[in-house]
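This briefing is for a reader new to the structure shown below.

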Amino acid sequence: MRGFAMKASEHRPKQRHHYGIWIDGSRAIICARDGRGSISTEEVRSGVEPHPRYAGEGTDKTGLFQHTLDHQKSRQGHLAQEMRIFLRRVAERLHDPSHVTLMGPGDARFELQKELERRKDFKELLLVNKAADKMTMEEFVRLVELDHVV
C-alpha cells in the first residue's frame, strides 16, 4: 500500500512570528522576527492630536438659560475613538504571532494589550508588557537584534 505524497508546504510547520512593539500616543514601531531570524520593521503613525481644535469649539459658551456648554467631554470622546482606531490598526499588522513584547512610556501599551487580549485569534498569545522611555526605530531594532525584546 502506497502512502499519500504531501506537498512541501503541507508538512512544514506554520511559521510563527515574535513581535516587539514600542508604542506611545503618536506612533508605534513594530519589529517582527520570523522563524528564520530575519527582522522586519514598520512604523504606524496614529494621527491622534493631543488637543484637537474643532471649528466653533474655541471656548466654553453659555447657552440658553445660562447653561454652560462644556466641550471637554466631546473632545475626550473624539480622542478615545481615534486612539481605538489606531490600536486596531496596530493589532491588524500582527500576522500569526506567538509572542509579543509591548514597550512604551505611557498608557498606550496597556490599551494595546487590552485590544490584543480581546481578539479571539490571539488567545494563545504570550504577551509581555515593559515600561520604556522614548526611543528611535534604530534603537528599538538594535534591542530586538540583541534579543532583549523578542
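A salt bridge here is a side-chain nitrogen of Lys or Arg within 4 Å of a carboxyl oxygen of Asp or Glu. By this rule the model has 8 salt bridges. The model is predicted: local features need pLDDT of at least 70, side-chain atom pairs count only at pLDDT 80 or more, and totals for chains, interfaces and linings use all residues. Residues are numbered from 1 along each chain as its sequence is written, and side-chain values use heavy atoms, with hydrogens and water left out.

**Salt bridges**

- Asp24 and Lys134 form a salt bridge through their side chains, at 2.7 Å from N to O. Asp24 lies in the loop between strand E1 (17–23) and strand E2 (27–33), and Lys134 in the loop between strand E7 (126–131) and helix H4 (137–145), so the pair ties together parts that are 110 residues apart in sequence. Helices (H or I, at least four residues) and strands (E, at least two) are DSSP runs, numbered from the N terminus.
- Asp24 is buried at 7% relative accessibility, whereas Lys134 is exposed at 61%. Buried means under 20% relative accessible area, exposed over 50%, and partly exposed in between (1.4 Å probe, protein chains only).
- The side chains of Arg27 and Glu43 also meet in a salt bridge, 3.1 Å from N to O. Arg27 is in strand E2 and Glu43 in strand E3 (residues 39–45), so this pair joins parts that are 16 residues apart in sequence.
- Arg27 is buried, with a relative accessible area of 16%, while Glu43 is partly exposed at 31%. A network of salt bridges links Arg27, Glu43 and Arg45.
- Glu115 pairs with Arg118 in a salt bridge, with the closest N and O atoms 3.2 Å apart. The two residues are 3 apart in helix H3, so about one helical turn separates Glu115 from Arg118. Glu115 is buried at 10% relative accessible area, and Arg118 is exposed at 55%.

**Helices H2 and H3**

- Helix H2 (residues 72–92) and helix H3 (residues 108–118) pack at an angle of about 65 degrees, and their axes are 10 Å apart. Axes are lines fitted to C-alpha atoms, for helices over the stretch in contact, and angles run from 0 to 180 degrees between N-to-C directions.
- From H2, the residues Met83, Leu87, Arg88, Val90 and Ala91 meet Ala108, Glu111, Leu112, Glu115 and Leu116 of H3. Contact means heavy atoms within 4.5 Å.

**Nonpolar cores**

- A nonpolar core is a set of buried Ala, Val, Leu, Ile, Met, Phe, Trp, Tyr and Cys residues joined through side-chain atoms within 4.5 Å.
- The largest core has 19 residues, and those with the most contacts inside it include Ile21, Val90, Leu94 and Leu112. E1, E2, H2, strand E6 (97–104) and H3 each supply at least two residues of this core. H2 gives the most, with 4 residues.
- Leaving aside neighbours within four places in sequence, Leu94 touches Tyr19, Ile21, Ile30, Val100, Leu116 and Phe122.
- A second, separate core has 9 residues, among them Cys31, Met103, Ala132 and Val141.

**His17**

- His17 sits in strand E1. The C-alpha atoms of His17 and His95 are 7.3 Å apart, although the two residues are 78 apart along the chain.
- Beyond its neighbours within four places in sequence, His17 has contacts with residues including Arg33, Asp34, His95 and Pro97.
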